[in-house]
Amino acid sequence: MPNVNKVTVMGVLGRDPETKQFPNGGSITTFSVATTEFWKDKATGERKEATEWHRITTSNRLAEIAGKYLKKGGKVYVEGSLRTRKWKDSKGTEKEITEIRADALQLL
């Protein structure tokens, strides 16, 4: 059976994108997207909601576009794949983060 690593997220930017430029001419842009789920509590009839935050990274040309056109509060559609990075911080503590590496995005 083949493996699939595909993520689709449509939501609102929580902050302006941050872009890092590299000496070789490449770049990476990161931003956070919030998605909110709504439902009605069966016991109380009260409307409930839960917000999930997704860290998105883009590179090179897509990073330039994201950095230029995306703004906090704007809506965006993102397609990509999950990536997990591990590193040690300045104190030697191991850190891990899972993020979405965007292959395509569309401003809404």
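Predicted model: local features only at pLDDT ≥ 70, side-chain atom pairs only at ≥ 80, totals over all residues.

Trainee: Which residue forms a salt bridge with K6?

Mentor: That's E79, and the closest N and O atoms of the two are 3.4 Å apart. K6 sits in the segment before β1 and E79 in strand β5, so the pair ties together parts that are 73 residues apart in sequence.

Trainee: Is K6 buried or exposed?

Mentor: K6 is exposed, with a relative accessible area of 56%. E79 counts as partly exposed, at 23%.

Trainee: What about R55, which residue does it form a salt bridge with?

Mentor: R55 goes with E99, and their closest N and O atoms are 2.8 Å apart. Since R55 is in strand β4 and E99 in strand β6, this pair ties together parts 44 residues apart in sequence.

Trainee: And is E99 buried or exposed?

Mentor: E99 counts as buried because its relative accessibility is 5%, and buried means under 20%. R55 counts as partly exposed, at 26%.

Trainee: Where do E64 and R61 lie?

Mentor: Both are in helix α1, 3 residues apart, which is about one turn of the helix. R61 is exposed at 55%, while E64 counts as partly exposed at 44%.

Trainee: Which residues do salt bridges join into one network?

Mentor: R55, R85 and E99 are joined that way, through salt bridges that share partners.

Trainee: Switching topic: which residues lie nearest the centre of the largest pocket?

Mentor: I28, T30, R55, T57 and R85 do, out of 13 residues that line the pocket. The space in there is about 260 Å³. By type, the lining divides into 2 nonpolar, 4 polar and 7 charged residues.

Trainee: Which strand gives the most to that lining?

Mentor: β4 does, with 4 residues.

Trainee: How do β3 and β4 run, parallel or antiparallel?

Mentor: They run antiparallel, joined by 13 bridges. W39 stands opposite K48 in β4. The hairpin of β3 and β4 has 6 residues between the strands, and G45 takes a positive phi near 80° there.

Trainee: And in what sense do β4 and β6 pair?

Mentor: Those two pair in the parallel sense, over 2 bridges. T57 has R101 in β6 as its bridge partner.

Methods
Residues numbered from 1 in each chain as written. Heavy atoms only, no water. Pairing = 2+ DSSP bridges. 1 Å grid on protein atoms, 1.4 Å probe; cavity = no way out; pocket = protein on both sides within 12 Å on 5 of 7 lines; lining within 4 Å. Points joined across faces, edges and corners; volume = space filled by probe spheres on them. Nonpolar A, V, L, I, M, F, W, Y, C, P; charged D, E, K, R; others polar. Salt bridge = Lys/Arg side-chain N within 4 Å of Asp/Glu carboxyl O. Buried < 20%, exposed > 50% of the residue type's maximum accessible area, 1.4 Å probe, protein only.
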